[in-house]
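Here's a quick briefing to read alongside the structure. We'll start with the chain as a whole, then zoom in on one pair of packed elements.

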Amino acid sequence: MESLQHHVDQLFQNYRGSKQIEELKWEVLSNLEAKVADLVADGLSLDEAVKKAKANLPSIDSFVGERRKIYILPLLQELLQLGLLYGLIAWIVTMPLRIWRMGIFLNYGLLAICILIGIVYLVLLGINRPASSHQLTHLNVRSAFLLRKTGWMLWALYIVGTLVFTTALYFGSNLWFSTPVNLTGPYQFANIAVGYALPFLSILIPLWLHSFPRLILKYDAGEGDDIAK
């Protein structure tokens, strides 16, 4: 939608093109496009939907570095929904690892986390009354982007650390003392492969944090806007 892209470009014309601003710009455009799609689905023409979406976001000043009024209940519900989805994916992926003792503990641990998130999610759905759905709280978009960036940086450090540790654990003697690595069968090979692959499952955590700024923009109360879908 070139009209929306042009509108967003104008909104951000007074701000520098830092990575954070570019990410915010992309998030705003994505939410405007989603808003237009919802309005068209509700029966408005495309031109009317674009016009209404633009009218709901006349300025970007309040988004940049300031606290926003957010519909907190639907935001928490969608965060938990995403957390539950990612938890279930991790639980299913780790099922084959139950042939190892570590895999059994990990798989049961993920199941327990999914059950806990599911209970909290159902409790929040149970209080999804109109008055509760319109409760507002203040959140800072810049802090959400910082949290997302920090999550990715910590995950990258964790991956590097675990890869170095796994390499030292399985191949240290070969690297430092020239002792040949002895793989006696597919089980030993799979054991090493799992040791390398398993830490990457933690990418679901930064992916979950990655959605936080998008949800803040999605459930922003705005000015004169209806509750975000």
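**The chain at a glance**

Of the 229 residues in the protein chain, 35% are buried. Keep in mind that this is a predicted model. The fold has nine helices and two strands.

**Layout and surface**

- Reading from the N terminus, the elements come in the order α-α-α-β-α-α-α-β-α-α-α.
- Take the contacts between residues at least 6 apart in sequence: 79% of them link residues at least 24 apart.

**How α4 and α9 pack**

- Helix α4 covers residues 72–93 and helix α9 covers residues 204–218; their axes sit 10 Å apart, at an angle of about 160 degrees.
- As for handedness, α4 and α9 make a right-handed crossing.

**Who touches whom**

- On the α4 side, the contact residues are L75, E78, L79, L82, G83, Y86 and A90.
- Facing them from α9 are L204, L207, W208, S211, F212, R214, L215, I216 and K218.

Definitions and conventions:
Residues numbered from 1 in each chain as written. Predicted model: local features only at pLDDT ≥ 70, side-chain atom pairs only at ≥ 80, totals over all residues. Heavy atoms only, no water. Axes fitted to C-alpha atoms, helices over the stretch in contact; angles between N-to-C directions. Helix = DSSP H or I, 4+ residues; strand = E, 2+ residues; numbered from the N terminus. Left-handed = near helix turned anticlockwise from the far one by under 90°. Contact = heavy atoms within 4.5 Å. Buried < 20%, exposed > 50% of the residue type's maximum accessible area, 1.4 Å probe, protein only.
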